[in-house]
Amino acid sequence: MSNSNFLSSWIKRFLLEYLISVRNLSRNTQQSYRDTFRLMLPFMAKNNKKSIENLLVDDISPDLIKSFLLDLEKNRLSSLSTRNQRLAAVHAFAKFIGSNNPEHVEWCREIQMIPFKKSRKTLITYLEKSEMDALLNAPDKKTWQGNRDHALLLFLYNTGARADEAAQLTIADLNIAHATKRDLSTVLIKGKGNKLRRCPLWKQTVDNLSILIKNREESEHVFMNRCHQPLTRFGIHAMVKRYVKKITQRIASLKKKRVSPHTIRHTTATHLLQAGVDINTIRAWLGHVSINTTNIYAEVDLEMKAKALACCDVPDKKTHRHWRDDKGLMDFLSKL
């Protein structure tokens, strides 16, 4: 049997050649695609009564994929967004096979006909200025760890960086100006797909980072843990959660919010928008490829404007006749 019929060879090509060499996707995105296959392959092997290595492309039928997606929802309790994310990976994989092997063009078409489920669009969560200030003041700056955590929270708020971007930050990525009153300090951030962007740094951020990187090598990561190892995105997530829990006792509004490092990213974008920064500048600030992604913050701001407008709305003092008194209209409707 031709090697082009075996699923395993296509998956290896897809993950090692297409995602890395052709698409240049980030490591996290690659792992997301990988995890889709790690979940799907045992399910397909069980239903086809074959070993994973012996699965063929045609064994992955549209009906089986639909069953797999249903299994994700029912048994793994995956959300609709996760379900759709797994389906997007399958669509991309099918398109890759169809583009490289004409024999499977029809199979590719059938797979790509499987629709995404429409999910309810939820509004982004962000922190009000008072909540963000409380979070920044939560670490105990009398200790080394407290100083590091304060500098990290301030960096996340200043730049709108993702947790993984902050974790990968090295001292060489920082461009600290010698004359802070005259020159601008910046940071080079490596975003998704290894795309680079520069962000300006506040003087307060520079002052905190300067203490953190003093007398250290440029090749070192900026944010280190107590074991002198680079802080991971999971460590950053746990750190944010810990301080949010600490301040929730005195800021009741936080009890209704799920706060993570990405919430701080949303907060940065929303506060920039409220300060009058144009949406395209915010797009570049956050490293979004499409302006449509950044427009979600404009929707939040429009809702706040609508609420403000409703507060000063002038009531209509005109008196209206009750519809029952409008004999002419009722006679007209009766004759229809």
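Reader: Two strands pair if DSSP finds at least two bridges between them; which residue of E2 stands opposite Leu 174?

Author: Leu 174 stands opposite Val 187 in E2. Strands here are DSSP runs of at least two residues (E), helices are runs of at least four (H or I), and both are numbered from the N terminus. The model is predicted, so local features need pLDDT of at least 70 and side-chain atom pairs pLDDT 80 or more, whereas totals for chains, interfaces and linings use all residues. Residues are numbered from 1 along each chain as its sequence is written, and side-chain values use heavy atoms, without hydrogens and water.

Reader: How many bridges join E1 to E2, and how many join E2 to E3?

Author: E1 is joined to E2 (residues 186-190) by 2 bridges, and E2 to E3 by 5 bridges. Both pairs run antiparallel. Across the second pair, Val 187 stands opposite Cys 199 in E3.

Reader: What is the order of the strands in the sheet?

Author: The sheet is open, with 3 strands in the order E1-E2-E3. E1 (174-175) and E3 (196-200) are at the edges with a single partner strand each, so one side of each has no neighbour in the sheet.

Reader: What lies between E2 and E3?

Author: E2 and E3 form a hairpin with 5 residues between them. In the turn, Gly 193 has a positive phi of about 65°.

Reader: Changing topic: at what angle do H1 and H2 pack?

Author: H1 (residues 7-22) and H2 (residues 27-48) pack at about 170°, with their axes 10 Å apart. That makes H1 roughly antiparallel to H2, a label for angles over 145 degrees. The axes are lines fitted to C-alpha atoms over the stretch in contact, and angles run from 0 to 180 degrees between N-to-C directions.

Reader: Which residues make that contact?

Author: On H1 they are Leu 7, Ile 11, Phe 14, Leu 15, Leu 19 and Ile 20. On H2 they are Gln 30, Tyr 33, Arg 34, Phe 37 and Leu 41. Contact means heavy atoms within 4.5 Å.

Reader: Which residues have the most contacts inside the largest nonpolar core?

Author: They are Leu 135, Phe 155, Val 222 and Phe 223, in a core of 51 residues. Such a core is a set of buried (under 20% relative accessible area, 1.4 Å probe, protein chains only) Ala, Val, Leu, Ile, Met, Phe, Trp, Tyr and Cys residues joined through side-chain atoms within 4.5 Å.

Reader: Which helix gives the most to this core?

Author: Helix H7 (residues 144-159) does, with 7 residues. Leaving aside neighbours within four places in sequence, Phe 223 is in contact with residues including Arg 148, Phe 155 and Leu 231. Apart from this core lies another, of 34 residues, among them Phe 43 and Ile 60.

Notes: Parallel < 35°, antiparallel > 145°, perpendicular 65-115°, else oblique. Buried < 20%, exposed > 50% of the residue type's maximum accessible area, 1.4 Å probe, protein only. Pairing = 2+ DSSP bridges.
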